Amino acid sequence: MISNNYFSDNEDLIDHFDSITPWNEIIEAYEENFEDFHEYQKTNKEELAYAPGNYEDAIEFYRSTLEAGGDISGNDISQIAKEMDEVGLKYQNGNVEFPKAMVEVVEKIKSAGLLPYGIHRHYGGLGLPSVVQSMLSECVSRGDGSLAITLGCMNLAETVERFGTDEMIHEYVPKMAQGELCGAMALTEPNYGSDLPNLQTKAVKGEDGVWRISGTKRFITHACGFGNAPSIILTLARTGSTTSGARGLSFFLVHSKDVFVASIEKKMGLHCSPTCEVVFENSPGILIGEEGKGLVKYSMAMMNQARLNIAAQAMGIATAAYFEGKKYAEERIQFGKPIAQITAVKKMLDRMEREVAAMRCILYEASRSVDMYRWKEERAKMKGVSEKEVKKDENFKKWEKLASLFTPLSKYYITELANLVAYDSLQIHGGSGYTEDYDVARIYRDVRITNIYEGTTQLQTVACIGGIVSGMTETGVYREYFKTEMSSFVVSSELSDLFSQFESVVAEFTEIDSTPLREELAFEVVESAARFHNSMLLERSIGRSKVERRAHRKQLTESYILDSKAILEANLTRIRGKKKSLQLV
């Protein structure tokens, strides 16, 4: 793997940080008039000591965090990724042993103060907006996808922060911030993967008031904990009848010492990410939130954040694939010149670069949408303001709706395209790429899971389609979003034409009155939305970019829009053809 600072060596990422990201609105949404700074001035609470007092301080804090994270990612994590992959995990009698190099680098991250990047500073975390978290996750994932998952699980405190009692929050979240606890999500069961409403794991409340859980969960990442840190397992279990569906499910916190890890999966990739089968036998659990809202409220909120995390992971792996492929192409001499100068290879590298640029745009925009509403909800909870009161705010409701659409849209797009970028990178490496001598083989194996777990691409399509169709009505929130964003820059005729194509795709789809055909063609609509969405973001970024990068960004954007026009035209042809066939039946 390339050894360098994975933040500062990435010109496109630096461009986003320095110029493209609208920091003022994000900082205002996250810091809310720098309340934590002012509270520190009054109380001297140690956990608030690093809270920024102005915009400049906030940006500098974010930058220093990313530079430190980029340094460890590129100069430490990436350099042991091959070793970790080869050593893998050892399982025996319910215990999982991690490679020594992996444990040591996590300790280094912990010593550097970077471990609790996703935990609020009130509970001992760094206190970073979602955009910064995604940037950091991208850097770490470029170094190694497995280790990025480990750090993500050790930051899995969001659900407890948002929905737990004050007692639960102060008992568990600070320990996660200190690296004393890991986290895990236990949703999937052996016979129920994505079919969560029909889960059978049962929770029964005893006469002593303690809930006890019985059943088996499968594909549970880090249910075994990490190193010496046990896990708190956020578990979905049935408190209602076996026929009560989603409304009969509740959410619980279960300690890993009270379950048995029956096995870990032998996987194609991510060899240092433990995927566990977990047996619950009257395991004591603590109810999170209200009974009966485990799936419809708490699990869905947790999965939305998890999907954004996986999008960031795939973003990082795709970045690794692109840079490794580019390096190889520039160094590999054939026919008297580097293969990067051969037209067919250059075409692949150009496509990889513009797709990675588009992926980065949609990831950070999805993260921005989360920042624009979520922290208002969390701060309100700290102040004792009801969730119902917060949700009266129209701006809150708008961004919550947009985040609910952008999250699955970005997860689908980034993970699918990351697989294609890794495919091209391996192809550029030729026969050498098919061996384990080069890191691209591991990259290719690791990225394959990203468009499967935390909801397959097909499930993301289901999650997106309603928001796209309703959002593109005359008064829809998605159309209003595009209208607002496109008023901030001079829209090219090419982008304007692409928007008309997208409108036609949605209009043709909306006219279909056959449910099976709508389900069959939903992906075409979602893909069209993503291509226009990214095209708009890329073109918007040109004027915000650093002056010296604008010409290059404009070239990338024009090429991306051209590709998008072809894709939307194909999707429109497919939808019209299917409609015509239906009418002839």
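## Ground rules

In this predicted model, local features need pLDDT of at least 70 and side-chain atom pairs count only at pLDDT 80 or more, while totals for chains, interfaces and linings use all residues. Residues are numbered from 1 along each chain as its sequence is written, and side-chain values use heavy atoms, with hydrogens and water left out.

Helices here are DSSP runs (H or I, at least four residues), numbered from the N terminus, and strands are E runs of at least two. Helix α4 covers residues 55-87, and its 33 residues reach 45 Å from first C-alpha to last, close to the 48 Å expected at 1.5 Å a residue. That expected span is 1.5 Å times one less than the number of residues. At I77, α4 bends by about 40 degrees; the bend is the angle between axes fitted to the seven residues ending at a residue and the seven starting there. The N-terminal end of α4 is capped by N54, with a side-chain oxygen 3.2 Å from the backbone nitrogen of E56. After α4 comes G88, whose phi is positive, near 70 degrees.

Helix α10 (residues 294-331) has 38 residues and spans 53 Å between its first and last C-alpha, close to the expected 56 Å. This helix bends by about 35 degrees at M300. Of the 38 residues in α10, 29 are buried, so the helix is mostly covered. Buried means under 20% relative accessible area, exposed over 50%, and partly exposed in between (1.4 Å probe, protein chains only).

## D12 and its arginines

D12 lies in helix α1 (residues 11-20) and counts as buried because its relative accessibility is 9%. Its side chain makes polar contacts with the side chains of R360, at 2.7 Å, and R553, at 2.4 Å. A polar contact is a pair of N or O atoms within 3.5 Å; within protein, one must be able to donate a hydrogen and the other to accept it, and residues adjacent in sequence count only if both atoms are side-chain atoms. Leaving aside neighbours within four places in sequence, D12 is in contact (heavy atoms within 4.5 Å) with A357, R360, R549 and R553.

## Around Y560

Y560 sits in helix α20 (residues 550-584), and is buried because its relative accessibility is 0%. Beyond four places in sequence, its contacts include R354, E355, Y413 and R531.

The charged end of R531 sits over the ring of Y560, 4.0 Å from its centre. For this, NZ of Lys or CZ of Arg must be within 6 Å of the ring centre and within 35 degrees of the ring normal. R142 likewise lies over the face of Y6, at 3.6 Å from the ring centre.

## Ring pairs

Rings of Phe, Tyr and Trp (its six-membered ring) pair if their centres lie within 6.5 Å; planes under 30 degrees apart count as stacked, over 60 as edge-to-face and the rest as tilted. The count comes to 25 aromatic pairs. In one of them, Y322 and F323 have ring centres 5.4 Å apart and planes at 55 degrees, so the pair is tilted.

The rings of F482 and F502 have centres 6.4 Å apart and planes at 85 degrees, so this pair is edge-to-face. It links distant parts of the chain, with F482 in helix α17 (residues 477-486) and F502 in helix α18 (residues 493-510), 20 residues apart. F482 is buried at 1% relative accessibility, and F502 is buried at 0%. Ring pairs also join F406, Y478, Y481, F482, F499, F502 and F532 into a cluster.
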